[in-house]
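Let's take a walk through this structure together, one region at a time.

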Amino acid sequence: MNEENADGTNGCGKVRTGTQNEAALLALMEKTGYNMVQENGQRKFGGPPPGWEGPPPPRGCEVFVGKIPRDMYEDELVPVFERAGKIYEFRLMMEFSGENRGYAFVMYTTKEEAQLAIRILNNYEIRPGKFIGVCVSLDNCRLFIGAIPKEKKKEEILDEMKKVTEGVVDVIVYPSATDKTKNRGFAFVEYESHRAAAMARRKLIPGTFQLWGHTIQVDWADPEKEVDEETMQRVKVLYVRNLMISTTEETIKAEFNKFKPGAVERVKKLRDYAFVHFFNREDAVAAMSVMNGKCIDGASIEVTLAKPVNKENTWRQHLNGQISPNSENLLVYANKEESHSKTLGKPPALPARLNGQHSPSPPEIERCTYPFFPGTKLTPISMYSLKSNHFNSAVMHLDYYCNKNNWAPPEYYLYSTTSQDGKVLLVYKIVIPAIANGSQSYFMPDKLCTTLEDAKELAAQFTLLHLDREHSLFSLDLCRRIWRK
């Protein structure tokens, strides 16, 4: 362990010397049996712990800790984080002066321990008036590579990336929605470690690096969202990708019903992917194994379980801070195929029906949250001072659009009917007062919904699409990003 020259304070606020700091750390090492090494601006405690056998813990076992007092060290921090479980490795970021840099990474031996640490230690008062923030740490090993020539095949891209960067494990390439012989103009490159990915990004990021004579775009891929195993065990919705644009929901339902007639409850198709809802989970799992790799209308499809997200987890932290909206039967916003979505492979995971309820879920690019610490300065603003990409629902976009055109807010009128099986079905009629006497006095979609939120969102979507067609004033880039069914 490197000698500390800086003075620090202990938990009681008393100043202690560098020698006292070293003594406290040595006592911690002797008590726990963990080693401690300082390198590359960080001090590692453990990794692995004493007696550890086998590989390191899997992804999802590490948490990020922010707002650590600069004069606080492992002898105070480790006992706090041991409350959540066994620590595999504690990495404290260090300044050259000997102070810490205010943040650390704690890797536990299981995902459950990491989640417990977030629950019990986020916003924990580690010293009087000093609150730390704890959230999941995403060890990203994937890069997004954009502006790739669309005629290049996976093997060509893989070979090229191996030539120019080290540690390449795989390349993920998706076919064009309109021409399955071409790629979408981007790929995801998987590296053997976060460090390898970071080194590759550093080499490629200046923006002057070329592949096949093209200047490529490089950034971190938006990481896949994690869904707990208990939730996944209840999923009975399949995600189907690589469909032909022309393939209909009826065709998909018929194909998935072949292995067991009547097993499919409904199908929702969006551009070249779809969600197939089953009445029973067992049928969904069986259909996944049977249908994965099958051809529908000449396209070889990929089938996986859809990943739902609980309502309280709809906003999730991830590395890139991008946002994009949501929702199942409703409006789907996404980057056009020719634009370069940085979301890794998986779809905008639409809500699965769990226990009779829809769980909203994130779209192509997940939204981002940040810890809200005491003392953070807040400034009142109007929603209309924001840009349209700050809104994640058609309802908000419609309100924003009306305001930008100096119109009164839209008026919503709710209607209901009853289905043959006794369900209450809902639909909204929307009136835009400023144009109510024009070519169309109201807007009402041709589909009914089972929830109030879905009905309102669908009506707003329907209205926006019609406004886009009928009013040249509608210049928001919103409707350019709507995928029409």
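One term first: a residue counts as buried when its relative accessible area is under 20%. Thr109 has a value of 15%, so it is buried. Keep in mind that what you're looking at is a predicted model.

Let's stay with Thr109 for a moment. You'll find it in the loop between strand S7 and helix H3. Its side chain makes a polar contact of 2.7 Å with the side chain of Glu113. Leaving out residues up to four places away in sequence, Thr109 also touches Trp52, Pro57, Cys61, Lys86 and Tyr88.

From here, move on to the largest nonpolar core. It has 30 residues, and Phe81, Phe90 and Tyr108 are the ones that touch the most other members. Pick out Phe90 and look around: once neighbours within four places in sequence are set aside, its contacts include Arg43, Phe45, Leu77, Phe81 and Phe105. As a general point, nonpolar side chains in soluble globular proteins tend to be buried together.

Next comes a sheet. This one is open, with four strands in the order S11-S12-S10-S15 and antiparallel pairing. Strands S11 (168-175) and S15 (217-220) sit at the edges with a single partner strand each, so one side of each has no neighbour in the sheet. From one strand to the next, the twist averages 25°. S11 runs antiparallel to strand S12 (residues 183-191), and six bridges join the two. If you'd like a pair to spot, Asp170 stands opposite Glu190 in S12.

Two helices go with this sheet. Helix H4 (residues 154-164) lies across S10, S11 and S12, at about 145° to S11. Helix H5 (residues 194-204) packs on the sheet too, touching S10, S12 and S15, and its direction makes about 150° with that of S15.

Which of its residues are on the covered face, and which on the uncovered one? Val303 and Leu305 are on the covered face, while Glu302 and Thr304 are on the uncovered one. S21 pairs with strand S16 (residues 237-241) in the antiparallel sense, over four bridges. Leu238 has Leu305 in S21 as its bridge partner.

Now for a hairpin, built from S24 and S25 with five residues between them. In the turn, Gly422 has a positive phi of about 90°. The two strands, S24 (residues 411-418) and S25, run antiparallel and are joined by eight bridges, with Glu411 opposite Val431 in S25. S25 (residues 424-431) has seven of its eight residues buried, so the rest of the structure largely encloses it.

Finally, a word on confidence. The mean pLDDT of the protein chain is 78, and 76% of its residues reach 70 or more. Over residues 2-9 the pLDDT is below 50, and this stretch has 28 contacts in the model beyond near neighbours in sequence. Residues 345-367 are also below 50, with 95 such contacts in the model.

Conventions
Residues numbered from 1 in each chain as written. Predicted model: local features only at pLDDT ≥ 70, side-chain atom pairs only at ≥ 80, totals over all residues. Heavy atoms only, no water. Pairing = 2+ DSSP bridges. Axes fitted to C-alpha atoms, helices over the stretch in contact; angles between N-to-C directions. Contact = heavy atoms within 4.5 Å. pLDDT = per-residue confidence, 0-100. Buried < 20%, exposed > 50% of the residue type's maximum accessible area, 1.4 Å probe, protein only. Core = buried A, V, L, I, M, F, W, Y, C linked by side-chain atoms within 4.5 Å. Polar contact = N/O pair within 3.5 Å; in protein donor to acceptor, adjacent residues only side chain to side chain.
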